[in-house]
Amino acid sequence: MAKTFFITTAIDYTNSAPHIGHAYEKILADVIARYHRLKGENVFFLTGVDQHGQKVQQSAEREGVPPEQFVAGVTEQFIALWDKLDVRYDAWAATTDPLHRKCVQGMLQRLFDEGKIYKDKQVGFYSVRQEQFLTDKDRNEAGEFGPEWGEVEQREEENYYFKLSEHKEWLLNFLRSHPTFVSPSFRQTELINAVEKLSGDLCISRPKSRLSWGIELPFDRDYVNYVWFDALTNYISFIGYDPSRSSISDQSSTFRDNWPALHVIGKDIMIPAHGIYWPIMLHALGFPDDQMPTLLVHGWWNISGAKMSKSLGNVVDPDVLIEKYGADALRYYLMSDIVTGKDADFSKERLIERYNANLANSLGNLLNRSLNMIWKYRGGKLSSRRVEDKRIRECELLVLTEIHGYKEAFEGGAPKYPTLEPHSVDSAVHHVLVVSFHANRLVEVTAPWKLATQKSEQEVLDSVLYYLAESLRIIATLVSSVLPEAAHGIFDQLNWKMELSGKEERFRLEDATWGGLPDGHVVGKPVPLFPRIETK
Ligand code: MSP
C-alpha cells in the first residue's frame, strides 16, 4: 500500500477561546493536506486539543467548574470553528482520551524501566501565586522577583527527570546530517544554535498536591506528568503507537503506514519542545533517524507589530470575521498575506482590500464575464476547435508555467533552486491568481465583443471563449486547496463534473492541463461568486 502523507498541527490549549493565530495554523495545514489529496495521495490529517495542565486547572477553578467540564466547553468552540472554516481533518486528538493516556503511561513506564527517567530533588525560589519555580530569567532589572510573582519562598521539591542531555550529541549530528528536518531552513539554523547550548535534563512531573489535572505517572501515583510528554505524544498515540514495542517494525500497520509526520507548528514551540524534546524522546524510545518527523515552522500574526494577548485586549476573534466577511475571505487572507515562516501584521483593512482586488475584481469578474460572453455569443456552448492565434497560445504557455510554479510552491524548488522552500502556500496562491490575471488580460487584448461583429474572426472568438472556460476549470482545481467552497462554485457554474458536486475527488491535479472540457460542452449560468465587500 502507498505511504500516507501524515500531517499534524499543534494541539491547541483549552485554557481560553480560539483566536486568529490558531485559525491560521489550522488552515495552513488544511491547505497542505488538500494539496496532497489533490495529487491523489492518501492523506491523514490529525489535529486536536491540549486539555491538561496548570493553566486549565486555574481557569476552571476561577470559573468554579470541574476541569473536565471547562475543557469540554472550550473544545466545542474549537470544533465549531474548524467546521465553519472548512478545516477537514481525519482524526481528533483530545489528550483526555483514555487511549492517549494509556500510551503516555506506557511510554513513561518503559523509559523509567530502562533507567532513562530518574527522581531528584529541586531546591529553589517558588512563586506561590503562579505556582511555579522561578529561575534567574524571571528576575527584573533590579535583580529581584517583581510583584507579579506575589509571595516568593524557598522550596524543596522532589520530581522526576528525563535524561535529555545525554542525547545532545546525537541530536546535533542528526540535525547536521538532515538539513531538511525543519523548514524554512533559517529555523533549522536557529535550532542548531539552541541545541549547542543545551544543558541539564527535563523535569517531567508535578506533585499532585500542586497539580492534579494531568496524566498520573504509572510508577508513582503521587505525581502527574508535566508538561510536554503528554502533549507531544498525541502525534503517535492517535495513530496507534504501542509503547510496549521498541522496534518500529513491530508496530501495527496503521502506525507504520502513517508515520513519520509533517508537524505544522508555530515558531514559539520549536525551541525547545518540537525541535529538542520531541526528537530526543523519539530517539530514546528507539525511533531510528529515518523515522524522525519533519517540522514546518510558521511565523506569527501580530497586531501593529505587537503580540496578540488577552492582557493587551487586542485578540482577533475569527468568528467575528467569518460572520462579517465569510470563511473564504478569511482563508484567502490568512493564506496569501503572510510569507510561510515569517510574521505578518493582521489588518481588517488588508483583508477587505485583498478580497475585493483579487477575489471580487479579478477571479469573480473573470467567471462572470466569461460565462456571460459564452451565453451571449454562443448560447452557452463551447467549441474546442483550435486556431493558431499567437495571443491565445502565449497565454496558454504562461498558464503552464503558473501550474508548475504552484506545484513547486508546495513541494519546494528543484535542487537547482534551493531558495524556494517547500510549503510556500502564499506563493502557491499567487500562482493561481496569475492564471486569472492572464485570462482577464486575454479578454482585454482580444476584445471578444469586437470579434463577435466580424465574420472572419468567429473561430478566434470560439478559441478565446474556450480558453476562458478552460482557465476557470484549471483555476478551480488549483484553488480548491485554499478555497474549497469557491472551487465547487466555479465547477458548478461551468456545469462540470456535476455528479461529483460537493465531493473532493471532483478536483485532481492531473486534470490541471489544457483540453479538459469537451467540444460542445454547455456551461451554466453565472452567479456572483465573490460579492464585493462594501465599506463606508
Ligand atoms: N498546546 C501547545 C502545543 C502542543 S503541541 C504538541 C500550544 N498551544 S497554543 O494554543 O498556545 O498554540 C497552538 C498553536 O497556535 C501553536 O503552534 C502556536 O504557535 C500557534 N499560534 C498561537 N498564536 C499565534 C499567532 N498569533 N499567530 C500564528 N500562530 C500562533 O502551544
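Predicted model: local features only at pLDDT ≥ 70, side-chain atom pairs only at ≥ 80, totals over all residues.
I'll start with the chain as a whole. There are 536 residues, and 56% of them count as buried. The secondary structure comes to 17 helices and 16 strands. If you take the box along the principal axes, the C-alpha atoms fill roughly 95 × 55 × 40 Å.

Now the ligand. The shell around it has 24 residues, and the closest are Ile11, Glu25, Asp50, Gly266 and Asp268. Sorted by class, that shell holds 12 nonpolar, eight polar and four charged residues.

Which backbone atoms lie by the ligand's oxygen and nitrogen atoms? For Tyr13, a backbone N or O atom is 3.0 Å from a ligand oxygen. For Gly266, a backbone N or O atom sits 2.9 Å from an oxygen atom of the ligand. With Trp301, a polar backbone atom is 3.0 Å from a nitrogen atom of the ligand. As for cover, the ligand on its own has 660 Å² of accessible area, and the protein covers 95% of that.

Where does the shell come from in the fold? H7 supplies the largest share, five residues.

Let me stay on H7 for a moment. How many of its residues are buried? The count is 10 of 10, so to speak a helix that is mostly covered. Among the buried residues in H7 are Trp228, Phe229, Asp230 and Asn234. The list also includes Thr233, Tyr235 and Ser237.

Next, the second largest pocket. Its space is about 460 Å³. The lining is made of 24 residues, and Thr180, Ser183, Glu411, Pro422 and His423 lie nearest the pocket's centre. The elements that put two or more residues into this lining are strand S1 (5-9), strand S8 (182-183), strand S14 (294-298) and helix H13 (390-411). By class, the lining of this pocket has 13 nonpolar, nine polar and two charged residues.

How many cavities of 30 Å³ or more does a search of the whole structure find? The search finds one. The largest cavity has a volume of about 40 Å³. Its lining is Tyr332, Val429, Val432, Leu433, Val479, Val482 and Leu483. By class, these are seven nonpolar residues, with no polar and no charged residues. Helix H14, residues 425-446, gives the most to this lining, with three residues.

H14 brings me to the last item, Thr446, which lies in that helix. Is Thr446 buried or exposed? Thr446 counts as buried because its relative accessibility is 5%, and the cut-off for buried is under 20%. A polar atom of the Thr446 side chain lies 2.7 Å from the backbone oxygen of Leu442.

Note on methods. Residues numbered from 1 in each chain as written. Heavy atoms only, no water. Near = heavy atom within 4 Å. Polar contact = N/O pair within 3.5 Å; in protein donor to acceptor, adjacent residues only side chain to side chain. Areas by Shrake-Rupley, 256 points an atom, 1.4 Å probe, with all protein chains shown as cover. Helix = DSSP H or I, 4+ residues; strand = E, 2+ residues; numbered from the N terminus. Nonpolar A, V, L, I, M, F, W, Y, C, P; charged D, E, K, R; others polar. 1 Å grid on protein atoms, 1.4 Å probe; cavity = no way out; pocket = protein on both sides within 12 Å on 5 of 7 lines; lining within 4 Å. Points joined across faces, edges and corners; volume = space filled by probe spheres on them. Buried < 20%, exposed > 50% of the residue type's maximum accessible area, 1.4 Å probe, protein only.
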